[in-house]
Amino acid sequence: VMLNIDKARKEKGVAIVDMADFLGVRAQTVSDKISGTYDFKFTEALALQQKFFPEYDLGYLFTQAVDTA
């Protein structure tokens, strides 16, 4: 299970470590949240959207990605 934010992150070249540094958490924490192991806090989701992905809708970024393969 991956969130759409992972797709957007890869398209824009945003590293997980950059997201983690911005939030003040470990890269593994962000990776776990993107993969669905843990949930993002609303404040984290909003901060990431505003900082790295302002052109994307918040709801889109944090919903489960649909695998089209």
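This is a short tour of a predicted model, from the whole chain down to one residue.

Residues count from 1 along each chain as its sequence is written. Local features need pLDDT of at least 70 and side-chain atom pairs pLDDT 80 or more, totals for chains, interfaces and linings use all residues, and side-chain values use heavy atoms, without hydrogens and water.

**Select the protein chain, cartoon view.** Helices (H or I, at least four residues) and strands (E, at least two) are DSSP runs, numbered from the N terminus. The order from the N terminus is α-α-α-α-α. The radius of gyration (over C-alpha atoms) is 11 Å, close to the 11 Å of the globule rule for 69 residues, so the chain is as compact as a globular protein of that length. That rule is 2.2 Å times the number of residues to the power 0.38.

**Switch to the C-alpha trace.** Along its principal axes it spans about 35 × 25 × 20 Å. Contact means heavy atoms within 4.5 Å. Of contacts between residues at least 6 apart in sequence, 61% join residues at least 24 apart.

**Show the surface.** Buried residues (under 20% relative accessible area, 1.4 Å probe, protein chains only) make up 33% of the 69.

**Select N4.** N4 sits in helix 1, residues 4–12. Its relative accessibility is 8%, so N4 counts as buried. Now show its partners. Beyond neighbours within four places in sequence, N4 contacts Y60, L61, T63, Q64, A65 and V66.

Technical notes. Buried < 20%, exposed > 50% of the residue type's maximum accessible area, 1.4 Å probe, protein only.
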